[in-house]
Amino acid sequence: MKKFIALTAIVAFLYSCNSGDRGELIGAEGKKWHPEKPFGMTLIPGGSFIMGKADDDFVAVNDAPTKTVTVRSFYMDETEITNAEYRQFVNWVRDSTVRLKLAILADEVGATPGDGGIGEFAFVDQESEEMTPWEQYNYDNYYGMGEDFYAGRKINNDIDIIWDTSEFPDEYYSEVMDTMYIPAEEAYNGQRTIDVDKLKFQYTYMDIGAAAKAKGKNRKDFIKKEEVKIYPDTTVWIKDFNYSYNEPMHNDYFWHEAYGDYPVVGVSWKQAKAFCAWRTLYKNAYQKSRNRQHVNSFRLPGEAEWEYAARGGLESATYPWGGPYAKNDRGCFMANFKPLRGDYAADQALYTVEADAYEPNDYNLYNMAGNVSEWVASSYDPASYEYTSTMNPNVNDPDNMRKVVRGGSWKDVAYFLQVSTRDYEYADSARSYIGFRTVQDYMGTDVTLNNDFGDGR
């Protein structure tokens with residue numbers, strides 16, 4: 001025991017002499033953190049506001065009584081997520097699915113990069129000299145041990161996928177690619193398109209709220225696994241409207257570049273959540289490659305956050321631009337909605353418009369009213385304002401499938417464009433008039449509307 005104490009004292013003395021801190025408490029050093037505004041987002045400074053109906057509740061829903069609440073600072077997308085942005089997600093899932101299928105078949109037939117053909121797409125860890133000692137350790141001790149035999153294996157992202165059938169390198173490659181397309185008997189006009197049911201995104205997350213309240217349970221009990229088909233439901237353009245001709249929107253709206261800057265629709269609440277998980281994964285993969293700190297998760301906004309951002313700093317306003325009118329002083333409509341008893345074209349748009357159309361609010365957020373309604377993270381409960389916290393209020397009951405949508409859309413009357421109006425849809429439903437935008441928490445606490453720093457923080 002004496003030897004151990006003496007050794008501990010020597011180690012402590014040597015460390016103190018060589019650390020350069022002169023024995024002072026200077027804090028542990030980590031990677032340098034450089035705050036960076038996420039691309040396409042704007043900073044919403046935290047603060048308090050009166051949430052709820054400022055005007056008479058003439059429809060007598062009584063689900064939004066006024067309440068003073070405070071929200072912390074966060075970043076929010078300046079526009080709704082567009083078709084082009086969501087297609088980036090779809091293409092990533094498509095390419096990753098193809099690469100994984102190619103790697104698995106290469107593994108099954110014993111093909112390696114040196115063999116050419118499908119072997120070029122073999123798992124990166126197929127040959128041990130390509131692995132670091134840590135990767136080799138994980139390969140020897142963990143791979144193939146879980147429910148998914150190939151979980152954790154690294155696919156090869158360095159070689160381009162070949163889409164031209166005339167250039168397929170071998171029959172194994174052709175076999176994999178054939179599984180990605182709809183069956184030949186379902187094709188018409190000579191086109192075999194990608195089977196979108198094969199495009200699934202799998203992710204895991206921890207239910208921190210439940211874990212914090214539980215006692216004596218294992219951490220793994222709160223890790224949730226989700227697998228979501230991520231392709232938008234383009235049939236919503238037909239299913240949402242009976243006795244109406246909307247086939248062109250069904251055929252072209254999501255994939256054609258003419259609509260690239262328009263908001264994505266036909267996306268369920270669950271798909272919007274999956275997009276947020278992918279965006280976080282995608283950004284942090286880049287951060288890791290540059291040896292930078294990971295960023296906070298992208299997520300859907302809470303209901304209070306959405307309303308606070310939509311108001312743009314205007315207290316008790318009816319619309320994001322103030323109000324109480326949906327027209328400006330020149331008689332022009334301020335948003336894309338259903339005016340004049342159904343004259344859809346009166347606001348210069350029949351369906352949706354570009355995500356950055358019309359004037360932004362004072363937080364530089366576009367179309368917080370109209371164009372498409374937006375999913376938020378909160379579950380709909382008519383009485384939720386009565387019992388939620390006054391600090392960052394949010395109600396998200398996993399057993400309540402009714403999820404709040406805000407902002408109104410191109411097919412809604414002006415009432416639904418009001419910043420305080422609440423509506424909902426079921427989490428597994430998709431509509432031609434519902435989209436979403438994402439938020440990310442601000443790292444720090446000193447950005448508020450009423451700060452006195454005077455330095456832009």
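This note sets out numbered points on the fold, helices, pocket and cavities of a predicted model.

1. Basis. The model is predicted, so local features are reported at pLDDT of at least 70 and side-chain atom pairs at pLDDT 80 or more, while totals for chains, interfaces and linings use all residues. Residues are numbered from 1 along each chain as its sequence is written, and side-chain values use heavy atoms, with hydrogens and water left out.

2. Overall composition. The chain has ten helices and twelve strands (DSSP runs numbered from the N terminus; helices are H or I of at least four residues, strands E of at least two). Of its 457 residues, 41% are buried (under 20% relative accessible area with a 1.4 Å probe, protein chains only; over 50% is exposed and in between is partly exposed). Among contacts (heavy atoms within 4.5 Å) that join residues at least 6 apart in sequence, 69% link residues at least 24 apart.

3. Helix α2. This helix runs over residues 83–109, and its end C-alpha atoms lie 39 Å apart, in agreement with the 39 Å that 27 residues should span at 1.5 Å a residue (the expected span being 1.5 Å times one less than the number of residues).

4. Ala-103 within α2. Ala-103 belongs to helix α2 and is buried, because its relative accessible area is 0%. Setting aside residues up to four places away in sequence, Ala-103 touches Phe-121, Ala-122 and Phe-123. The C-alpha atoms of Ala-103 and Phe-123 are 5.4 Å apart, although 20 residues separate the two in sequence.

5. Helix α4. In α4 (residues 171–179), the buried residues are Tyr-173, Val-176 and Met-177. They lie on the same side of α4, because they cover an arc of only 95 degrees around the axis (taken from the directions from the helix axis to the C-beta atoms). These buried residues pack against α2. At the N-terminal end, Asp-170 caps α4, with a side-chain oxygen 3.2 Å from the backbone nitrogen of Tyr-172.

6. Largest pocket. The largest pocket contains about 2,100 Å³ of space. Pockets and cavities are found on a 1 Å grid over the protein atoms alone: a cavity is a set of points where a 1.4 Å probe fits but cannot get out, a pocket is an open set with protein on both sides within 12 Å along at least five of seven lines, and lining residues have an atom within 4 Å of a point. Grid points are joined across faces, edges and corners, and a volume is the space filled by probe spheres set on the points. The pocket has 40 lining residues, with Trp-92, Ser-96, Arg-153, Ile-155 and Leu-281 nearest its centre. Helix α2 gives the largest share of the lining, eleven residues; α2, β5 (200–206) and α8 (269–289) each supply at least two.

7. Cavities. There are three cavities of 30 Å³ or more, and the largest cavity holds about 90 Å³. Its lining includes Met-51, Glu-303, Ser-378, Tyr-385, Asn-394 and Arg-422. At least two lining residues come from each of α9 (303–311), β8 (373–379) and α10 (384–387).

8. Glu-303. Glu-303 lies in helix α9 and counts as buried, because its relative accessibility is 4%. Its side chain makes a polar contact of 2.7 Å with the side chain of Arg-422 (a pair of N or O atoms within 3.5 Å; within protein, one must be able to donate a hydrogen and the other to accept it, and residues adjacent in sequence count only if both atoms are side-chain atoms). Beyond neighbours within four places in sequence, the residues in contact with Glu-303 include Met-51, Val-376, Tyr-385 and Arg-406.
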